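Hello,

Here is the structure I promised to pass on to you. Have a look at it first, and then read my notes below.

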Amino acid sequence: MRIDLSLYLVTDPTLCARHGLVETVVAAVRGGVTVVQLRDKHASDAELTDQARRLKAALAGSGVPLIINDRLDVALASGADGLHIGQDDGDVARARAALGPAAILGLSVQRHDQLAALDPQPLDYLGLGPVFATATKHDHAAPLGFDGLAALVAKSPLPAVAIGGLKAEHAARVRAAGAQGPAVISAICGQADPEAAARAFFTD
Ligand SMILES: Cc1ncc(COP(=O)(O)OP(=O)(O)O)c(N)n1
Ligand SMILES: Cc1nc(C(=O)O)sc1CCOP(=O)(O)O
Ligand SMILES: [Mg+2]
C-alpha cells in the first residue's frame, strides 16, 4: 500500500498526557502529520485496543493511517491500519499473513546487515534510526548521524522514515539524506502547541 511518510508521529503515553492522547494526535494532524503510530510499552492489550479505537475514530476522514507499535493482536482487534515491528518483535511474514494485504507493515532497521538480510516483499516502509541519541527510547542502538542515515537509505529497497532525536530544524537534512520524512515523538508530543510543532517541520 502507498503511504505518505512526510511526517510520522509516534505517541508516548507520558509526553502525550500533557494535552491528552487523542487531543495531541488531532492537533498534530491539523499541523500536517501524515501517519500516526500508537506506542505504549506498558498498557495492557485491552487498554491499548481501547486507545487505538478512540484514535481511529478521531482520525476518521483525515486520510491519516493509524499504525500500532509491536502488538499484532492489538492491530487486529482495533481495526488499525497497520503495524510497526522491530528486529525482535516477531516475524515479518507471519505479521503480513495475519494482517492481510491491505494493511500497512513497517520494520525498524538500525544496521546494514539487517538491511541486507530483510525480505522487502511483505513490508511497506522502514524506520531507520536512531539518527541521534534520544532520551525517549532507552534501549536505542548507536546513532547513525546524517551520513549514516544516507548510507542506509541508499541501500534501502523500501521507502523509509528516519527516527531518533529529530527536531523540526532537521527535516530538510532528513529529506536530503533520502528519507521520505522524519518520525518523531518528543518534538511534537511533548510540546505546548503540538499543531504548531508539527507545522514547523514543513517551514524549511
Ligand atoms: C517509525 C518507527 N521507526 C522505528 C521504531 C522503533 O521500533 P523498535 O526498534 O521495535 O523499538 P520500539 O519502538 O518498539 O521501542 C518505531 N517504533 N517506529
Ligand atoms: C521509538 C524510537 N525508535 C528509535 C529507533 O532508533 O529505532 S528512536 C525512538 C524514539 C524517538 O523519540 P524522539 O523523537 O523523542 O527522539
Ligand atoms: Mg518494537
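Before the notes, one definition: Ala, Val, Leu, Ile, Met, Phe, Trp, Tyr, Cys and Pro count as nonpolar, Asp, Glu, Lys and Arg as charged, and the others, Gly among them, as polar. Please also keep in mind that this is a predicted model.

Let's start with ligand 1. Its shell holds 5 nonpolar, 8 polar and 4 charged residues. In total, 17 residues surround ligand 1, and the closest are G86, S108, G127, I163 and A183. Three strands, β1 (8–10), β5 (104–109) and β7 (160–163), each supply at least two residues of this shell.

Now for ligand 2. This ligand is surrounded by 17 residues, with G129, P130, T134, T136 and S186 the closest. Sorted by class, the shell around ligand 2 has 7 nonpolar, 9 polar and 1 charged residues.

There is also an annotation to follow up. An unreviewed UniProt entry gives "binding site" for D70 and D89.

Where do you find each of them? D70 is in the loop between β3 (66–69) and α4 (72–78), while D89 is in the loop between β4 (82–85) and α5 (92–99). Leaving aside residues up to four places away in sequence, D70 touches I85 and D89. D70 counts as partly exposed because it has 19 C-beta neighbours inside 10 Å, and a residue needs 20 or more to be buried. D89 has 16 such neighbours inside 10 Å, so D89 counts as partly exposed too.

Enjoy exploring!

Note on methods:
Residues are numbered from 1 along each chain as its sequence is written. Chains are lettered from A and ligands numbered from 1 in the order in which they are written. This is a predicted model: local features need pLDDT of at least 70, side-chain atom pairs count only at pLDDT 80 or more; totals for chains, interfaces and linings use all residues. A residue is near a molecule or strand if its C-beta atom, placed from the backbone, lies within 6 Å of it. Helices (H or I, at least four residues) and strands (E, at least two) are DSSP runs, numbered from the N terminus. UniProt positions are given in the numbering used here, feature names are shortened, and annotations may be inferred rather than shown by experiment. A residue is buried if 20 or more other C-beta atoms lie within 10 Å of its own, exposed if 12 or fewer, and partly exposed in between; C-beta atoms are placed from the backbone. Two residues are in contact if their C-beta atoms, placed from the backbone, lie within 7 Å.
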